[in-house]
Amino acid sequence: MKCNAEKYFEITVSDNWYLQAGYALQTFLLGLVSFRIYRETREDLWAQRAKKSRKSIESWNEQGSKWNFKHKLELMEAEEAYSNGDFASAQVLYDEAVSTAKQHKFIQEEALANELAAKFHFAMGNKSMSLKYFIEAHEKYYTWNAYAKVKALYSSIQEKFGGTIISESTKSDK
């Protein structure tokens with residue numbers, strides 16, 4: 001993952017609005033990836049990259065685009081708290097990110113927030129909470145028509161929890 005992530009830190013922004021919107025999404029996703037790589041490697045470079053991305057999202061949120069950036073910031077703060085061992089704060093922030101994404105109708109990022117919360121709870125050994133978030137993420141990805149993600153998440157849930165937990169009709173063979 002680390003090698004694949006490296007190349008995306010070289011991209012710059014132009015005056016083109018479409019590229020700027022893409023840059024904002026890239027900044028968000030690279031921040032999340034950087035926090036994960038930092039958790040796995042404990043390399044300061046990844047913590048610095050993650051914090052830089054979080055600061056950009058925080059700045060855009062404060063500049064008046066809370067509708068677009070508040071849930072992203074909450075999710076990045078949850079990942080940062082998780083990375084720094086502040087598990088109580090992480091749990092609260094994951095819930096806030098899910099709630100705000102839902103309220104602001106960002107179904108794809110509501111799915112992502114649920115998925116990351118599920119992985120957090122699974123790592124903490126709280127399997128019942130993890131399953132709750134995984135099922136919610138699965139449903140949101142399905143609603144968003146992200147069928148490849150639905151299928152991958154279905155397999156992951158079956159691997160982690162076994163049995164038939166999710167209805168066969170929503171595992172997505174599309």
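From the N terminus on, the elements of the protein run α-α-α-α-α-α-α-α, which comes to eight helices and zero strands. Helices here are DSSP runs of H or I with at least four residues, strands are runs of E with at least two, and numbering starts from the N terminus. This is a predicted model, in which local features need pLDDT of at least 70 and side-chain atom pairs count only at pLDDT 80 or more, while totals for chains, interfaces and linings use all residues. Residues are numbered from 1 along each chain as its sequence is written, and side-chain values use heavy atoms, with hydrogens and water left out.

Of the 174 residues, 40% count as buried (under 20% relative accessible area, with a 1.4 Å probe and protein chains only). The protein exposes about 9,600 Å² by the Shrake-Rupley method with a 1.4 Å probe, and carbon and sulfur atoms supply 52% of that area. Taking contacts (heavy atoms within 4.5 Å) with a separation of 6 or more, 55% come from residues 24 or more positions apart.

Now for the helix pairs. The axes of α3 (residues 44-62) and α4 come within 8 Å and cross at roughly 150°; axes are lines fitted to C-alpha atoms over the stretch in contact, with angles from 0 to 180 degrees between N-to-C directions. The two helices are therefore roughly antiparallel (over 145 degrees). Their crossing is left-handed, as the near helix is turned anticlockwise from the far one by less than a right angle. Residues of α3 including Ile57, Trp60 and Arg54 meet residues of α4, among them Phe69, Leu73 and Met76. By class, this contact has six nonpolar, two polar and nine charged residues (Ala, Val, Leu, Ile, Met, Phe, Trp, Tyr, Cys and Pro count as nonpolar, Asp, Glu, Lys and Arg as charged, and the others, Gly among them, as polar).

Helix α4 (residues 66-83) is also the place of Glu74, a buried residue with a relative accessible area of 6%. Leaving aside neighbours within four places in sequence, Glu74 touches Leu93, Glu96, Ala97 and Thr100. Thr100 lies 26 residues from Glu74 along the chain, with 8.5 Å between their C-alpha atoms.

Further along, α7 (residues 127-143) and α8 (residues 147-161) have axes that come within 9 Å and cross at roughly 160°, so α7 and α8 are roughly antiparallel too. The crossing of α7 and α8 is left-handed, and their contact has twelve nonpolar, two polar and three charged residues. Among the residues that meet are Phe134, Ile135 and Tyr141 from α7 and Val150, Leu153 and Ile157 from α8.

Conventions. Angles under 35 degrees count as roughly parallel, over 145 as roughly antiparallel, 65 to 115 as roughly perpendicular and the rest as oblique. Buried means under 20% relative accessible area, exposed over 50%, partly exposed in between (1.4 Å probe, protein chains only).
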